[in-house]
Amino acid sequence: MREGMPNAIAELERRIGEIWEVGERLGLRPLPVHFEVVPATVMYEIGAYGLPGRFSHWTHGKAYQVQKTLYDYGLSKIYELVINSDPCYAFLLETNTLLQNTLVAAHVMAHADFFANNAYFAETRRDMVDIASLHAERIEKYEFTHGKEEVERLLDAVLSIQEHVDPAASETSTRRGPEQRRRSSTPYDDLWRLEERGRRDESGGEERRPATTPAEPIRDLLLFIHDHSPILEDWERDVVAIVRTEMLYFLPQIKTKVLNEGWATLWHARIMRSLDLPPEELVEFARLHASVLQPAGRRLNPYALGYELLCDIERRYGTEHLFLVREVESDVSLVRNYLTEELVERLDLYLYERRGDELVVVDKDWEAVRDRLANELGGNHIPVIVVEDGDYRGNRELYLRHIWDGRKLDLPWAEKTLENVYRLWGRRVWLETRSDDGTDPLILSYHPREGHRQQR
Amino acid sequence: MFTLAIRRDDWSLHRKGAIDQARHMEKVKEAIKRNLADIVSEQSIITSDGKRLVRVPIRVLEEYRFRFDPEAGRQVGQGSGGTNVGDVIGRVGSGRGPGVGPQAGDEPGIDYYEAELTVDELGELIFEDLELPNLEEKRLRELESEAVRFTDIRKHGPFANLDKRRTLRENLRRNAWRGRARIGDFSNEDLRFKTWERDIKRESNAVVIAMMDVSGSMGTFEKYISRAFYYWMVRFLRTKYDRVEIRFIAHHAEAKEVTEEEFFTRGESGGTRASTAYELALQLIREYYPPDAWNIYPFHFSDGDNWPSDNERCRELAEELLRCVNLFGYGEIRQGRYTYHSTLMHTLQRIGSPKLVTVTISEKADVYQALRRFFGPEVGREVARA
């Protein structure tokens, strides 16, 4: 796009107009989109941070370095990047050809439609770009007041458990006194409440941050720590809240990666075919589209998987049903409901494992593949960890449980992560999981004075 | 609805990615520093010409989290059609060339990050707090480490040294004084120039006498260790001090002075008489380095397999050396079964002088410890106290 930039931009603008016309005629209802043409470094930066203007941390720097190196050596290139907000921000690489950016714009339109209509995105904050900038400003302020090192150490700890958030948990759900532990189940429960009212008055002083045991195990570690950590200062709680808010924003994208990319690929192909492109660009498009769907080594290609699934759904149930899928499914439900034996065969999916030094294909049974896939996609690669007790042994120790689903935890990593949890909780932290074969409970605990312990 | 905008200039000030990347690199360097002991004796570095980049394998800075065991169980893969059960689709740790010893790629689930550093950058990390211990002021030439420091501001000077910020400020001030709040109408009196001073630290002369056992009993490992030590020692001295003389003595049953290149490359054979090396060292000192003008640092590396009849002579000569040197370092390389000290070590230790520092090296990683033992910040203090 560099040479003859103004012309290329004018032409691109004309094409995007056409894309919007075609897309809307075909039934897409996207959020408004704001396109920007940017240099590669900016593209990589936004790609690495997930959002423009997000807070500073070395892990973002590491991601940036990886992306930039891949680009510098010509190994991989981000073609498109679109932010879920209102309006959506889409970034186009200034070094892309006109055709590449046309395809990207069509792809982006379908993403913007997905953000607007998929149920998992219904609750996401569309002003997240502004929020993230405010977050970054606050964190910068904390760096100024409390020192960069201090903030970095805190962020190291919080980011290490950032995946453990739960959109269903509300800010108040964990703020319960111990008296609410008992569940209501009889018509006479109000009598108990009378008795408790008197008791609460006596212990009124403890109201502020009561040592709690949640009524039900809570999946949202960040929220529980935010509400109940015995040691965090207010600014530290704020950092926990910042990371949690941003993670809740990213969560729907993790849950719908395959579906979203499949959806965008399906529509970019359809829209591009209805544009009036010169023949040489049609060839370039065909090549580009094929490269998007190419298997990448033995790694699963989410674009290809989602695309094939959606094409198959349309063949079997019609186009209208396709729009229903876009509205209600996530990756896990998509695979569970629609992956068929023929598709597993066509996509050449298989299960492999390590034998000695070799990676060997061990199973091609389609149901086995489907079940395993459902376990890897949509955030299911993250173990479910719940808070069972924030006042364990009556000593405000934190008791976590790994909900066992047959998959073993990486124990050395779990121990390291517990150290981070300790940084946030300040008392001994526990984690109950199971030993290798899954039969016996295995309990890890950490306190800096006594170090790591394991008991069976 | 869509809008299209082109941003071209706005991004130049956008440096967050680069700044966080720099912080990440800083953390990588910290990680390297923690692993210096292993890196110092890395063969590829010792044998490199010192100009190229060296690759230093370090563990990726892991971002720990709760995760499933990556090695347990099966994973979903995708082929390009026609894959069958039993097909081998890849190897663990493929893409790495063959090498000696336990290989990074063989270990499951561990990612290695290869940091690229120049030998000088690596040296900087290693030498950070090393120094020639017990350096005294002696007459004759100076050891100088020269630096130019900009220390002052003047109204005249070469334009290359124009201090733009101060000049602007002066101009602004002068204009303001005349009631105009702007920059412009520069005149000569606005100009400010930086001036510098040469910063010469006067230090005393120093000579290092590097002695190495090249006899037949020195195996590959022993030779490798002493070379690794001297490689870094020479680099250290050349980086930190502008003028340090280094003399190289190789010995077996007899000693001779060799060039630096010979010292690092040639191997000899035969029996061992360490006294010959000490004698030659004393002779060098007498001829060229009078102790009242020179700081003298003899170092000797050996496997300690000295002819027993020679030990007494060694003791006498070592005592004579100790009387005129600042520090005498003896490194003994004992691998595996020979973990007890040799008779030469015992003989030297019996002298009991605080200026005599001994080190036993039994594995590669000890080279770094030896460097710190000889040149570390505590050494000078210990010797001075004694």
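Predicted model: local features only at pLDDT ≥ 70, side-chain atom pairs only at ≥ 80, totals over all residues.
**View 1. The side of chain B that touches chain A.**
In this contact, 67 residues of chain A meet 48 residues of chain B. Four elements of chain B each supply at least two residues to the side that touches chain A: β1 (2–6), α1, β3 (75–78) and β4 (88–91). Helix α1(B) gives the most, with eight residues. Sorted by class, the side of chain B that touches chain A holds 18 nonpolar, 17 polar and 13 charged residues.

**View 2. Helix α3 of chain A against helix α1 of chain B.**
From α3(A), the residues in the contact are A:W58, A:H60, A:G61, A:K62, A:Y64 and A:Q65. From α1(B), they are B:G17, B:D20, B:Q21, B:R23, B:H24 and B:K27. The residues of this contact divide into two nonpolar, six polar and four charged.

**View 3. The surroundings of A:G61.**
A:G61 sits in helix α3 of chain A. Is A:G61 buried or exposed? A residue is buried if 20 or more other C-beta atoms lie within 10 Å of its own; A:G61 has 25 C-beta neighbours inside 10 Å, so A:G61 counts as buried. Leaving aside residues up to four places away in sequence, A:G61 touches B:G17, B:D20, B:Q21, B:R23 and B:H24. Within chain A, A:Y49 is 12 residues away from A:G61 along the chain, and the C-alpha atoms of the two are separated by 8.4 Å.

**View 4. A strand pair between the chains.**
Strand β4 of chain A, residues 349–355, pairs with β3(B). The pairing is in the antiparallel sense and runs over four bridges. In this pair, A:L349 stands opposite B:Q78 of β3(B).

**View 5. Helices α14 and α16 of chain A.**
Helix α14(A) spans residues 331–338, and helix α16(A) spans residues 366–376. The two axes come within 9 Å and cross at roughly 170 degrees. Angles over 145 degrees count as roughly antiparallel, so α14(A) is roughly antiparallel to α16(A). A:V332, A:V335 and A:R336 of α14(A) make the contact with A:R370, A:L373 and A:A374 of α16(A). By class, the contact residues are four nonpolar, no polar and two charged.

Strands β8 (residues 429–434) and β9 (residues 441–447) run antiparallel and are joined by six bridges. In this pair, A:E432 has A:I443 of β9(A) as its bridge partner.

Conventions. Residues numbered from 1 in each chain as written. Chains lettered and ligands numbered in written order. Contact = placed C-beta atoms within 7 Å. Nonpolar A, V, L, I, M, F, W, Y, C, P; charged D, E, K, R; others polar. Buried ≥ 20, exposed ≤ 12 C-beta atoms within 10 Å, placed from the backbone. Axes fitted to C-alpha atoms, helices over the stretch in contact; angles between N-to-C directions. Parallel < 35°, antiparallel > 145°, perpendicular 65-115°, else oblique. Pairing = 2+ DSSP bridges.
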